[in-house]
Amino acid sequence: MEVQIRMWNKDLPALISPWIPILLGLHMHFSWATTCPEECRCDRTFVYCNERSLTSVPLGLGEGYKTLYLHNNQINNAGFPLEMHNVASVETVYLYGNQLDEFPVNLPKNVRVLHLQENNIQTVSRAALAQLLRLEELYLDDNSISTVGVEEGAFREAISLKTIFLTKNHLSSIPIGLPEELRELRLDENRIALITEDAFENVTGLELLLLDGNLLTDEGITPGSLQTLANLKTLSMARNSLTVPPPNLPTEFLIKLNLQDNQMNEIPLTAFRGLHRLERLDISNNQLQSLTQGVFDGLHSLRQLTVRNNLWLCDCDIKWVILWLKSLPATLNVRGFMCQKPERVRGMVIRELTLELIQCPNSTGTVPQPTLLSSSTAESATQTAFTPARTQPTPSPPPLTLLLPTTGEDIEQRTNDPIGPRQESMRISFVVLNSSCIQVSWVSTFAVTAYKVTWVKLSPNLITGPMQESLVEGKLDGITLRNLEPKSTYRICVDPLDAFNNYHPGDDTICSEVTTKSASFHSGDNATGPEQATQQDPSSPFLLAGLIGGAVLVVLVVLLSIFCWHMHKKGRSDSSKWKYSRGRRKDDYCEAGTKKDNSILEMTETSFQIVSLNNEQLLKGDFHIQPIYTPNGGVGFRDSQRRNNSTAYCKNSVPESDTCHK
């Protein structure tokens, strides 16, 4: 017996140890079920007390729950019991949409995420945040927090705080005393007009800073105030009043810089110096007219540049931008470079401009000029021969002149080559097919992977249509431009692409101005050459079809009129024969028999005949018909039957009072 007890004592721990976790789990389960507040609903680790018109936090919250939903109630600052601060398991609290007017106290001590949006919080105290040593994310959007309402160093009390959202408040400056571990700070849609030198003191770990929609000016940003943010990756200062980019930007890790919707009218050459890791830059919706050459040279990692809605002036100072854009790699996406001035190039994409469109009154070098040769073919065509440019510096070279044709048919253009005959490497022909089509053909002596054809409609002094473009494979030798407007001048450019689909502006670009024919071509015009041969207008088949259809319709109407006239005349002729038949009006007959009578008298010119209406056999009997002379001069007819069954009819001329007599 003693030996058996010793064995039990020895094996007792081994027997009990597997049941300990099970027993503890059951205990925790039943203990949680009994500590859920009466006003709420509990489900595993969640407590749902939201949208219950609560004015205070419900009592009886036990351990084990991690997420507490208290949003969209009427909880005020007096509704936080002390016992809630001792609940250690709660990590996330939702308190947005309540009636708080100051930062609440007695929140769960281990809370990590706190949502306090859409309240009326005006003050933030150090004592309240000192209770939340593990708080990491704090959301205070859409409140009434002002700079004087934040106690100095209040946020620094939450030593673990990494994210602060203060969007849509009443701050006029950066809160003093931010936590050192802060990684993300959102201060957009406030009234911040000043950033002091020590605003971000000791906040070296900040990676994202949003200052959009504030009142920042150039004078409001202290030089060097942003330079202390050594680890900053995203800086957004959109919708402010800056005229130049902020000075001394953090250069080490900055990846994204947003400066859109400001009042910037210039960008200094050194504004982006040192931003070797910058990938995204947005300077759209400003007042920029030009850029200093080389302003983007240090941005080796740039992947997206947005410059939309600026006042770009496409004069001689924009030439370097054209060359820079056409030399960019495919990995860099640039959006928004579009001319606003002068009017002759307004609306044109700067990258698509050719150097001869740019006006340079004091140019010091020659611009490659295309040489236009006359055509000797029988077609109405314009041929352009291209020769690689030679650099010959001259004091003031003559400007490029492309003569516009004077008529829609005579489109041959010529320019003299001031340099002399040179070896041609590419020849392009422009053939006007009709009023809406132009055939562009080319012959190249060097290998080309693809051709880029662009065209735009011109008026005598202005560009009046949008720029259009088309890519053509290198193995093809031409393209037909369709849907053009009649009697209109178009500027057509052809750009050969190399193996990397890059352009070489000025070197390989060939442009010419060609005028389409008028919509209606008259043979009586003064055509004096084979190049002015008659071209059928594409609308002439439709016109001919319309004329033929109209003629056929007129003939049909005439035939129908003749037929109707003939039938009408025939009807009048038949009515004069005293013929009564089925189909006549009811009033033409005067019926004297019963309704069951199945016969009717048919009267013809020479005889009378009784015809059955329903093809039944007529009653046998002899009939005698004699005229009846009425007092009014009418003639009636009377029949007399030797038997008793008879029927009499009379003409309408007999009055109703004088009925037919048997």
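Visitor: Which residues touch the most other members of the largest nonpolar core?

Guide: This is a predicted model, in which local features need pLDDT of at least 70 and side-chain atom pairs count only at pLDDT 80 or more, while totals for chains, interfaces and linings use all residues. Residues are numbered from 1 along each chain as its sequence is written, and side-chain values use heavy atoms, with hydrogens and water left out. A nonpolar core is a set of buried (under 20% relative accessible area, 1.4 Å probe, protein chains only) Ala, Val, Leu, Ile, Met, Phe, Trp, Tyr and Cys residues joined through side-chain atoms within 4.5 Å. Among the 98 residues of the largest such core, those touching the most other members are Phe103, Phe155, Phe200, Phe272 and Ile350.

Visitor: Which element supplies the largest share of this core?

Guide: Helices here are DSSP runs of H or I with at least four residues, numbered from the N terminus. Both α4 (126-130) and α5 (319-326) supply at least two residues each. The largest share, 5 residues, comes from α5.

Visitor: How many residues does the second, separate core have?

Guide: Among the members of this second core are Leu484, Tyr490, Val494 and Ile510.

Visitor: What percentage of the residues in the chain is buried?

Guide: The chain has 662 residues, and its secondary structure includes 6 helices. Buried residues make up 41%.

Technical notes: Buried < 20%, exposed > 50% of the residue type's maximum accessible area, 1.4 Å probe, protein only.
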